[in-house]
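Please keep the sequence and the model in view while reading.

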Amino acid sequence: MTLSVLETNFESRSDGAVPKRLARRLADGLAEFRTLLMQRINDVNATTSREVILAAGSVAAVVDGATAHVRRVKEMVSSIDGHDGGGVAAAVARQSEVLRRFFESVSRDIARQESASDRAQQSLQRITKAASDTAHLASAARLLALNARIEAARVGGHGNCFSTIAGEMQHLAEQITQANEFIDSVAARMSKDLPEVALSARALRASSEELSKDLSLATAEVERETDGMRDVIRRMMEQSDHEMSYLIKSSHEALSHLQFQDVIAQGLLRIEPPFHELQIHQATELGIEDVIAALPKTQHKEIGGDKPVDQDNAGEVLLF
Amino acid sequence: MAKKVLVVDDSPTVRQQVGLALKQAGYEVVEATDGADGVAKVGTDPTIGMVILDVNMPRMNGLEMLETVKAGGKNADLPIIMLTSEGQQSLIERAKKAGAKGWIVKPFKAELLVAAVKKLLVA
């Protein structure tokens, strides 16, 4: 850049040169302007940088919040429907199955009890018959005792032995009768109780089988509901993952767009090197080259030199 | 364990934007503010698995850091992607020759950057 304006304004001097004092004032003014300009640029860059960092932080917080929320939902879902078998639904199904097996076992035990009651009733019938038979034996023993007494009376003093036999037979008949009466009373009680036991056992077995059946139905229902719930959860999780992907994609886009700050910051900082060159040129033109060494170095330096933003290739990814 | 990526850039906004994109993709991120800082971090942290490296930085620029790290031998296989506003073919060739694995032109697309990192870290 040339300083034609300055040259034009100072052509009035006979030798065409700018007075040194004025030249230095011009150089100082330019230096001051450069300092002020860079200060303003740095202020703008610091402010926009801070705001962009806050904005990006907010975007990240939204994504982090959503990620944490989805993670909590997944943990909750996993506790309800744990694929590792630890979920609530699986536990309910397992408990239903345990109860169903328990009632099946109870039904089997009751069936065995029923069968035992039937056998006991049959045994009781046999006992009653045996008691009836022994009652005949008692009658026979009493008859024998009577005969023995008659015989003893007939033979007189020589019939003592018949008298003893008659007494024993009579005693035996009484004992048999007593035993029969006891058996009859027990049999009567058992005849009354055993059918009731058998009846209760049958009723209990029926209830138990009904309950077992209900539990099977309940287990099947729980499994159906669990399957349905798994399907809903799977769809919900798919939707959630899809939305999270979209959120992260949007976040990436926001981060991409927020790079405008860096582009602007770089662009503003690129003002300094040409300004520095302008100062050197000015000092040279005005004949005050000694000020060049004192000029502050540029803050910003790019390997590729001053250039506009590469809009055409921006975002291009080359992998070697 | 999450793979660790070192982001070297003098711009705090770029470091943050690259860092957030990578963190959302599941990577651990550490930062360095220029090439010299980057060389020091690579030298002291053997868990760094990749470097995203700016070119224009004060003290030591990205190409100098690339050449220093690769010349060290210990980290010769460390994948490095250059992330820069520079697009000159001569600079790209210099980076490629020095051992860079990629070159991304700023302003970058976060999605493509993450995809490139994933690709190189899987390979």
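## Surroundings of Ser208(A)

Leaving aside neighbours within four places in sequence, Ser208(A) is in contact (heavy atoms within 4.5 Å) with Phe103(A), Val106(A), Ser107(A) and Ile110(A). With Ser107(A) there is also a polar contact of 2.8 Å between the two side chains, the term standing for a pair of N or O atoms within 3.5 Å, where within protein one must be able to donate a hydrogen and the other to accept it, and residues adjacent in sequence count only if both atoms are side-chain atoms. Ser208(A) is buried, with a relative accessible area of 5%, buried meaning under 20% (1.4 Å probe, protein chains only).

## Basis of the model

This is a predicted model in which local features need pLDDT of at least 70 and side-chain atom pairs count only at pLDDT 80 or more, while totals for chains, interfaces and linings use all residues. Residues are numbered from 1 along each chain as its sequence is written, chains are lettered from A and ligands numbered from 1 in the order in which they are written, and side-chain values use heavy atoms, with hydrogens and water left out.

Of the 123 residues in chain B, 59% are buried.

The contact takes 37 residues from chain B and 34 residues from chain A. Between the two chains the count is one salt bridge, a side-chain nitrogen of Lys or Arg within 4 Å of a carboxyl oxygen of Asp or Glu; Lys106(B) forms a salt bridge with Asp262(A), their closest N and O atoms being 4.0 Å apart.

Key. Buried means under 20% relative accessible area, exposed over 50%, partly exposed in between (1.4 Å probe, protein chains only).
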